[in-house]
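Please consult the sequence and the model alongside the text.

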4 protein chains.
Amino acid sequence: MFNAKLASSTDLQQTTIVKLSSNVTIGDEEIIIIAGPCTVESYEQMETVAQKLKTSAIQAIRGGAYKPRTSPYAFQGLGVEGLEILDTIRQRYKMPVVTEVMGTEDIHIVANHADMLQVGSRNMQNFNLLKALGQVNKPILLKRGLAATLEEFVFAAEYILSHGNPNVVLCERGIRSFDTYTRNVLDLGAVVALKQITHLPVIVDPSHAAGKWELIPNLAKAAIACGADGLIIECHPSPEKSVSDARQALTLEAMVNLAESLAPVANAVGRKIAKTLALV
Amino acid sequence: MFNAKLASSTDLQQTTIVKLSSNVTIGDEEIIIIAGPCTVESYEQMETVAQKLKTSAIQAIRGGAYKPRTSPYAFQGLGVEGLEILDTIRQRYKMPVVTEVMGTEDIHIVANHADMLQVGSRNMQNFNLLKALGQVNKPILLKRGLAATLEEFVFAAEYILSHGNPNVVLCERGIRSFDTYTRNVLDLGAVVALKQITHLPVIVDPSHAAGKWELIPNLAKAAIACGADGLIIECHPSPEKSVSDARQALTLEAMVNLAESLAPVANAVGRKIAKTLALV
Amino acid sequence: MFNAKLASSTDLQQTTIVKLSSNVTIGDEEIIIIAGPCTVESYEQMETVAQKLKTSAIQAIRGGAYKPRTSPYAFQGLGVEGLEILDTIRQRYKMPVVTEVMGTEDIHIVANHADMLQVGSRNMQNFNLLKALGQVNKPILLKRGLAATLEEFVFAAEYILSHGNPNVVLCERGIRSFDTYTRNVLDLGAVVALKQITHLPVIVDPSHAAGKWELIPNLAKAAIACGADGLIIECHPSPEKSVSDARQALTLEAMVNLAESLAPVANAVGRKIAKTLALV
Amino acid sequence: MFNAKLASSTDLQQTTIVKLSSNVTIGDEEIIIIAGPCTVESYEQMETVAQKLKTSAIQAIRGGAYKPRTSPYAFQGLGVEGLEILDTIRQRYKMPVVTEVMGTEDIHIVANHADMLQVGSRNMQNFNLLKALGQVNKPILLKRGLAATLEEFVFAAEYILSHGNPNVVLCERGIRSFDTYTRNVLDLGAVVALKQITHLPVIVDPSHAAGKWELIPNLAKAAIACGADGLIIECHPSPEKSVSDARQALTLEAMVNLAESLAPVANAVGRKIAKTLALV
């Protein structure tokens, strides 16, 4: 498909399984659920998050240290301090962390503090970044651009693959449309298509697609039902106090409930969710 | 929401149940599956369809007698002859039929031959048609326009409701986007939102959204998982011979299999599919 | 192009000239400017408009009697009373009038009171209406649908042409996009393309595209510069009191100034604007 | 507007004039025309281009040394060799050159070989790049992202301005839409709006918008008519042999003719084009 020779599926049975840590993988029978706040705000915040999520089927934590913000005057993230918080959390709670890298100059430090490096939607065709990530020894979470065609998305993955890194996870997170009720339009047809035309794992971010917390649980179920390998969802100890994306953050309680509610849907399509991890 | 006083939900417990026939309803616990060809081509075709679908959980038949076609030189449908075929089929097979009405001048005859009148995407804001359908004593299937906002969609329903017909079923069928891999983008966020902001049943047409038959089964599962009240899907005895939409039609076999595969997903979200109806 | 045999241009020299009245045409060297309020509100309003516009190069008047409104509770237009006002105005001021027809049932009466019948964006693919307008002996102003491809737009014209009416004028009026600063995106590339692939006159409605009056004069100049055959623009004696589209209406003074400012642009591309008509 | 304090216009009389070289500026009465091939292919190619363009009102040359390509297997540009060709050309022909910079690591070398650094559409929200370009002592040509709102576009400029570089030129180059006849939709409403809400120069790239050479001349006229400060257009000695964007490249002859044809339109809106520069 699209002559993307490394990303293309030649055999629907062949699928790539990406390893986040010794016991957390993406792309096999078990659905991955990655959750956490939009932005790393403090150690206390992340600890509250990890303690709660650890009691559920959620296996990995997200949180932004470098934040791509529309305005230069908006909070740009804690940077290195945020990475260090994430690093402490992942070690203490034995949960892999995913965080965004915004430029080649930050790859080294981000790779040293996180288990998976996220390329944000705005950078999906930052080809210099993609090439450099092809030489990194960590898995990459590649988010679809806001107006990226499937061809462009698959070729963005191909940039990473062809530069040497086979561990790419695709993430559908909503595309731009004319309607303003939802923030973006979650394109689950793309998920079904990507699972057919590539062998890469595909996860779904319903938070940025919906932009409203009350739409997220049902979209999460839909994502699993259509064959997604997992979810990445925003939650926060006090959504109304979140420094960013407050309108779309679930409470931790709602996040844990959502994770539980996915089990029957996963089972209905031959998948399962993780066993709850033991409390630390 | 949107000041659409009749369509708006004031109480999430209150939902409208639309009756298609004495034993077929839309909007209650049981998921409705409506299936059939894009276009009514002959009596034999429709009989083959009905005989096969009757053996499954599919409860209603679709088929176009009046066809909205981009080109005036494309086949415009069998018209009254098509309606008569549908009428015979629904009586013989005891399956309600859904068919499109394209103008006020055809409302009377279509209402006399079908159980539910469909307003196509291109006519979603044909306000003269909507007003006239408000005075009809048959349920209306209102398809979302290709670039309709949720506000416009809900207000289109409000036109029908406010002119006297309370039996409106909304149908998400994909919206226009920049990508060409799928025909349109299925907007399941809209389904989740519509179920929250209105009390009307909402069904999903994955066929016109996907435009490719191989994407349809997984999108159908996603639709049910996110809370849709049913599906309307195109199938054909010989898809490659279909006079229209051949690329997106399922075989009858695949259609029946799809219907069966929906049961566990429906159960996972507290719904069910119909018991298979007895063979005629 | 697109197999639209009647609409397609086979010879760039051949162009259709549509006659609105004995001395007003669309498609020849002279640019047409059609102006007036969104909605016909009263005889006094229309008379004020006509008196002012008559002093300028503006040759025709627009005004809606039947109004397509998103909400059924919004003002739906004066209907027949509005048509009668338009009829009186056109006779008294010798200016042809353009007004929208929303359904087949209204064609006869609209055709009896107006010089050109407008098909609105929402009805661009109301094929029953298009077919019926193919049998009318008045020119048709066909507005592009909000998400219509050029192929669909040209074929919509072809519906009218192939049913017997050769007098179709195309109107680009903005398409839906993700941005909210302008109401729609004026697609002048479509105007350039339509002038190449069809022989029909093409005019531009910058009012509905921009949605903000302050953007309209410069977009009007752009439209003429790229080859449009004319403009249709909303203006009102007191924009802030307009029952609809107040934000995009020019004052009559601004409208007349705009018309004058177009002369040098028209000249720069080998066109001209009309001589100012004598005062009544 | 949008709280972009440095980019926002507080006074329509105040406008920024960006200096490309000792005698070439953007944003004053004279329209700038920048032309050249999509990709720098060889010294001979660029010399042929410069010799021809030098005979016209075209004042600056474009050409890509680092090429953002959808596929990693497509030609990625000559890199440093391409920059050196551009550098020789600009010195020999006394024409400033504009070329793209794709990452922070290339800023230094690109700034040393070119007169204006272009940020491509895909990098419009590559915030690390924008911040770094804020510290460069060369003007920046910032192209609008394929699905960027005006707010996002203005804030992207604000990133550069707020990091210290006041010399930013905005470029509208078409946005993504559903139609496939043109490559993108040229949004001249955005140009009119940007001239009102910012004090920055705004130029237009009709080549990437149209995607078809035959649409470009008329769109170029429209751009000037609506108030753009200039144009950037693709041309090639042998368009059919171009390594990229062949379908949209003008011949050099057509390019020179286009430049000449803009004079009357520029005059019609109170602007002018450059006097033809002396032959070398």
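Over the face of which residue does C:Lys212 lie, and at what distance from the ring centre? C:Lys212 lies over the face of C:Tyr181, at 3.4 Å from the ring centre; a charge counts as sitting over a ring if NZ of Lys or CZ of Arg is within 6 Å of the ring centre and within 35 degrees of the ring normal.

This is a predicted model, in which local features need pLDDT of at least 70 and side-chain atom pairs count only at pLDDT 80 or more, while totals for chains, interfaces and linings use all residues. Residues are numbered from 1 along each chain as its sequence is written, chains are lettered from A and ligands numbered from 1 in the order in which they are written, and side-chain values use heavy atoms, with hydrogens and water left out.

**Charge over a ring**
- In chain D, D:Lys212 lies over the face of D:Tyr181, at 3.4 Å from the ring centre.

**Relation of chains C and A**

**Interface of chains C and A**
- Four residues of chain C are in contact with four residues of chain A (contact: heavy atoms within 4.5 Å).
- The copies meet through the same surface, because 100% of the interface residues of chain C are also interface residues in chain A.
- Between them, chain C and chain A bury about 280 Å², 79% of it on carbon and sulfur atoms; buried area is the accessible area (1.4 Å probe) that two parts lose on being put together, summed over both.

**Aromatic pairs**
- Over all chains, the structure holds four aromatic pairs (rings of Phe, Tyr and Trp, the last by its six-membered ring, with centres within 6.5 Å; planes under 30 degrees apart count as stacked, over 60 as edge-to-face and the rest as tilted).
- A:Phe127 and A:Tyr159 are stacked, because their ring centres are 4.4 Å apart and their planes at 25°.
- Both A:Phe127 and A:Tyr159 are buried (under 20% relative accessible area, 1.4 Å probe, protein chains only; exposed is over 50%, partly exposed in between).
- In chain D, D:Phe127 and D:Tyr159 form a stacked pair, 4.4 Å centre to centre with 25° between the planes.
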